[in-house]
Amino acid sequence: MTQDKRKKIGVRTTCSAAKSKTCEHRAKKKRSATLLSLLDTEDELFNITGDSMSIDVREWLTVTFTRRKKQYKPEETANFRTIEYAVQTSASVERAFRTPTSPTGLAFPSEVTETFKDVDKWEFDVFALNEASQGHSLKYLMFVLFSKYNLLSQFKIPITCLISFASALELGYNKYQNPYHNAVHATDVTQTVHTILLHTGIMHWFTDLEILAIIFSTSIHDYEHTGTTNHFHVVTRSEAALLYNDNSVLENHHVSAVYHLIQNEEMNILVNLTTDEWR
Ligand SMILES: [Zn+2]
């Protein structure tokens, strides 16, 4: 690595709120990204001198991008998000939902529970879940991930709201009998993003609110997809194209329609967020 590169990595952030946790967090992420884009080999990672980056950034890079394992001391693990345990122990799902009806009222048939053993894996079989759940893959996956990431208690999400919301999403995804952009696709994308969050370790760099935003957005991202393109909407002058003035017609619809859904009190999973969090 050239001296110029080292200098670039060592440049301190000039963010005015450097003392705030969020700012520090973002600065770390930015610096890590800069560093990774500049490094050519794994060896170079270990040759970086102590004054070029903070210890925690170095540790994170080491653990995440190399095969080296770090042993955490008990006092260190306390700083990590609590979801680490739930996410990495897929057996917890089996334990929690072994009974046909969970305490929440959402029944977990044994076939469904069985498919969730692989929920933390890249090779998770979304079609098997869809079959086992009789077409309710999205509802079950949302329930499991919201539980695993501890979002239900973190954001005081009423479970009945989550179930109603997920059920409404499934109906919307199936509205146009779309053979691809349907509820199974939403489940697939959400579970895939979950494995990326988990196996890259990047989830430790997001706040709980950001995790909520990610799982929420992957779940809803193609809601009521018509199975046609934006261009089709524009040239056929569809209602949605007229409403959104030809701009990102479907994307505007997916998001807007979901926010209409959660206007309904029974489905408002964001009901207990603060105004700032909601924004
Ligand atoms: Zn999609």
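This is a predicted model: local features need pLDDT of at least 70, side-chain atom pairs count only at pLDDT 80 or more; totals for chains, interfaces and linings use all residues.
1. Residues are numbered from 1 along each chain as its sequence is written.

2. The chain has 18 helices and zero strands. Both are DSSP runs, numbered from the N terminus: helices are H or I with at least four residues, strands are E with at least two.

3. Of the 279 residues in the chain, 26% are buried. A buried residue has 20 or more other C-beta atoms, placed from the backbone, within 10 Å of its own.

4. Take the contacts in the chain with a separation of 6 or more: 64% of them join residues 24 or more positions apart. Contact requires C-beta atoms, placed from the backbone, within 7 Å.

5. Helix α10 (residues 137–148) and helix α12 (residues 159–173) have axes that come within 9 Å and cross at roughly 145 degrees. Axes are lines fitted to C-alpha atoms over the stretch in contact, and angles run from 0 to 180 degrees between N-to-C directions.

6. Which residues of α10 meet α12? They are L138, K139, M142, F143 and F146. Their partners in α12 are L162, I163, A166, S167, L169 and E170. By class, this contact has eight nonpolar, one polar and two charged residues.

7. V119 sits in the loop between α8 (110–115) and α9 (126–132). V119 counts as buried because 20 other C-beta atoms lie within 10 Å. V144 is 25 residues from V119 along the chain, and their C-alpha atoms are separated by 9.1 Å.

Methods
Two residues are in contact if their C-beta atoms, placed from the backbone, lie within 7 Å. Ala, Val, Leu, Ile, Met, Phe, Trp, Tyr, Cys and Pro count as nonpolar, Asp, Glu, Lys and Arg as charged, and the others, Gly among them, as polar. A residue is buried if 20 or more other C-beta atoms lie within 10 Å of its own, exposed if 12 or fewer, and partly exposed in between; C-beta atoms are placed from the backbone.
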